[in-house]
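User: Could you please go through this structure with me? I would like to begin with the backbone and then turn to the cavities.

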Amino acid sequence: MSLKLKALLKSPWVFHLSTGSCNNCDIETLDCLTPRFDIERFGMLLVGSIKHADVLLVTGSCNRMSVERMKALWEQVPKPCLVVAIGTCAGSRGIFKDSYNCPVPLDQIIPVDVYIPGCPPKPEAIIAGAVKLIEKVGSTL
Amino acid sequence: MMGRTIIPIGPYHPLQEEPEFFTLTVEGETVVDIDVRIGYNHRGIEKLSELKTFENSTFVIERICGICSTSHPFAYTRAVEDVFPMEVPIRAKYIRTIIAEGERIHSHLLWLGLAGHFIGYNTVYMWAWKLREEILDVLEILSGNRNNYAMFKPGGVRRDIKAGDIPVCLKKIDSILPTLDMLKKAVLDDPVLHARLKGVGVMTYQEAIDFSALGPTSRASGVARDVRKDSPYGAYQEMEWDMIVTQNGDVFDKAVVRILEMFESAKIMKYCLNNLPDGEIDANIMDVPPGEGIGHIEAPRGETFHYVKSDGTNRPVRHKVRAPTFMNLPTYKATVQGETISDATIILAAIDPCYCCTERIAVKDPRGRLLYNGKDLVQLSREKTEKMKRRMGVR
Amino acid sequence: MTREEVLLDFTSRFHEDILDLYDKSRSRVYVTITPESILRIGTYLFRNVGARFNIASGTDMPPNIEILYHFIVEDINLLISLRVLLDREDPVIDSLGRDIEAMNWIEREMSELLGITFTGHPDPRRLLLADNWPEGVYPLRQDYEEWDETADRTRGI
Ligand code: SF4
C-alpha cells in the first residue's frame, strides 16, 4: 500500500467531479492549469477518466442526483485514491445546508483527506492545498 | 435503413462545470435526435431564498452560478426595487454597470477558451484564459473578490470604488485590448476555422423566436434584441455602444458575436470608470412593501429574469429565478439534429451553456458494448479539424 | 403599435376572460384571466402580438395556486404578466408547451415542484428532481416538510 502511495505522490493525476456546484470552484480549479498558475509544472494532470486518477477533486454540495453517480464512480476508482474537497460546499454544504436537495455533506458519503475552504478558494489556495495533501500523505509513509 | 445508435453523454466530464446528461440518437454519423436530463445541479435555491431576508438572499443568489455572480444579484436587486418601484443612486448604477461588463468580458473569454479547446486549438484556450486573469484582477481590485463579488444589495451597492483604483483598472483594461485584437484576427481570418465552423449548427431566425432564445445565441441568428437596449437599466443609456447582430446563426457567428461584444464591454467599462459621478452609493431601503416585482437584465448568455413577491415582511414569499440557459438549452433540438457526431461537441458548446458535458461521452452499440469513451469524442472533433487543415494545406 | 394600442387591442379582444387588470408602471402590467382562456390568450400574445415568452412562475398561496406567465413586448418595453388562479387541491390547466416550444421545460418544472397538472403536455417527464424523489411531494408548496430521514441539517460552518 505505501509503495503505491509513494509512487502516487510523485505525479498525482486528478479527476474532477462536480456534485452540484456553482461552477466557481470548478473554474478556479481549471484556472490552476492555465498559464498564470500552471500546476502541470509539478506533474499534476487533469485526466478524463476516473480509471486513470490518483486524486479525486470534489466540488459542490452533493445533491440527490449526483450523489448516486458519485457513489458509482467511487466504486470504480483504483485504490488508493485521495479525496480533496474543494470549496465550502464540498466541505459542509455551506449556504446550501438547508436545501431540500442537498441532504448530507460529502464526508459522510466518502472519506475526505483534505478540505480546501473558501467560496471559491483562490487558485493559490488550491495549490497550497495540493502541497498540504502531499506533505500529509508523505509524512505517513 | 441504417441502424440507430444511442450515445449517452455525461453526466460527468473532466473539463469543468456542472454535470448534465444528454442522449444523442445517431444514424451512422448523423445525429437524428437529442434528449437531455438535467437536475444534477438542482439545489433548491428558490426555496432557500424564501428562508432568507431580502438582504441575505443576495448571497444565495450569487451562488446560483459562479460565472454569472453579477447577473443574478443584479436582476434580483432590480426585482426588489421594482416592488416599490424606486430608483437607485446614479453612482451605484455606474458601479453596477462596471462590474456587470467586467463579468461579460471574463465570461466570453472563458467560453472562447473552451470552444478553442474542443476543436483542438489549445493555444486559444491558454491565451484566452491568460487574458481572463487580467480582467479578474480588475474585478478583484474593485470588489475584493475574483468571483462572487458581493457588491450588490437592494437599493445600491455595498462597496464604493476608490478614486485611486481607477487609473490602475483603466491601464489593465487597455493592456488586454491589443491581445484581444490579435485573438479576434486569429479567429476571424483563419481559413480552417471558417471551414470548420461555418454552416455548422445553424439556428434560423424563426427557430430563435419559437424557442425564445436569448442573448448571443439569438443575436447570431439576426434577432436584434438586447435587454440593455430594449429596457435600459444601470448606466447603459448614458453612452454610445453597439449591439452586435449577425445573420447566419451558425457556430462561427456565435463566436463572432461574443468576440465583438467584448470590445463593446471594454468600451462601456472605460466610459463608466472615466465618468463615474459623485454621490451616494446606497438608497438605504428599510422595509419592502407588499407587492410584486420583476427584474430582468442582460447577462453574458442572455436575459436573466427574476420575479419577487413580497407580503410586507422581511422575507420574499416567492422568488423565481430564470437563467438564460434554461431557454437556450432546448434549442439543441433545432441545431444538433442532422449534424455529425464530431460536430455535436462544438454545437453543444456554442450556446455557452452553464456546463459543457462534452467529454464524458460513451458510445455504445445496440447491445450495450462500449465502443468509444468520452475522450474519443473530443478526439473525433479534433481529428476533423486536423483533416481539414491537411486538405487545405495549412499547418 | 404603441403601448396604449397594444393594451386596448388586448382588452377589447379578450374582455370576457379578463378578470382584473393592474397597470403597475410604464413597463409592467398584471392581468388576471380565467384559467380556461390561457391557451387562447397565451398563443395570441406569442404569435400575433410578437411578444417573447420570458418565463412562468408558480406560487403556492393557499387556498390557491397562482401561475404567472410573463411575456415581454420588446419594442415598447412592456412586460405583460398573465395571472391565473387554480384550485390548490386539484390544480389543472391546459398546456401551452404543445404549441410554444419555449414553454415546454418550465411546465415540466412547475409540475414537479408544485404539482400542477398540464393537460396535453407533450413530454411530462421529470426535469429537475432526482429519480428517487417520492411521488406527490412538492418542495415549493408551503406545507412541504422534510421527508428524508437520513438528511443531516446540523452542520453549518
Ligand atoms: S463553495 Fe462557493 S464557489 Fe464553490 S461551488 Fe460552493 S457556492 Fe460555488
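User: Where is the place of Ser212(B)?

Analyst: Ser212(B) is in the loop between α8 (205-210) and α9 (215-219) of chain B. Helices (H or I, at least four residues) and strands (E, at least two) are DSSP runs, numbered from the N terminus. Please note that this is a predicted model, where local features need pLDDT of at least 70 and side-chain atom pairs count only at pLDDT 80 or more, while totals for chains, interfaces and linings use all residues. Residues are numbered from 1 along each chain as its sequence is written, chains are lettered from A and ligands numbered from 1 in the order in which they are written, and side-chain values use heavy atoms, with hydrogens and water left out.

User: What is phi of Ser212(B) near?

Analyst: Phi of Ser212(B) is near 50°, which is positive in a residue other than glycine.

User: Is Ser212(B) buried or exposed?

Analyst: Ser212(B) counts as buried, because its relative accessibility is 1%. Buried means under 20% relative accessible area, exposed over 50%, and partly exposed in between (1.4 Å probe, protein chains only).

User: And what about phi of Asn148(B)?

Analyst: Asn148(B) is not a glycine, yet its phi is positive, about 45°. Asn148(B) sits in the loop between α5 (122-143) and β4 (152-153) of chain B, and at 3% relative accessibility it counts as buried.

User: Which peptide bond to Pro80(A) is cis?

Analyst: The bond from Lys79(A) to Pro80(A) is cis, with omega near 5°. Pro80(A) belongs to the loop between α3 (64-76) and β4 (82-86) of chain A. In chain B, the bond from Phe84(B) to Pro85(B) is cis, with omega near -15°.

User: Now the cavities. How many of 30 Å³ or more does the structure hold?

Analyst: The structure holds nine. On a 1 Å grid over the protein atoms alone, a cavity is a set of points where a 1.4 Å probe fits but cannot get out, and lining residues have an atom within 4 Å of a point. Grid points are joined across faces, edges and corners, and a volume is the space filled by probe spheres set on the points.

User: Which residues are closest to the centre of the second largest cavity?

Analyst: Of the 17 residues that line the second largest cavity, the closest to its centre are Val14(A), Ile39(A), Met44(A), Leu57(A) and Ala130(A). The second largest cavity holds about 240 Å³ of space.

User: Which element gives the most to that lining?

Analyst: α5(A) gives the most to the lining of the second largest cavity, with four residues.

Terms used:
1 Å grid on protein atoms, 1.4 Å probe; cavity = no way out; pocket = protein on both sides within 12 Å on 5 of 7 lines; lining within 4 Å.
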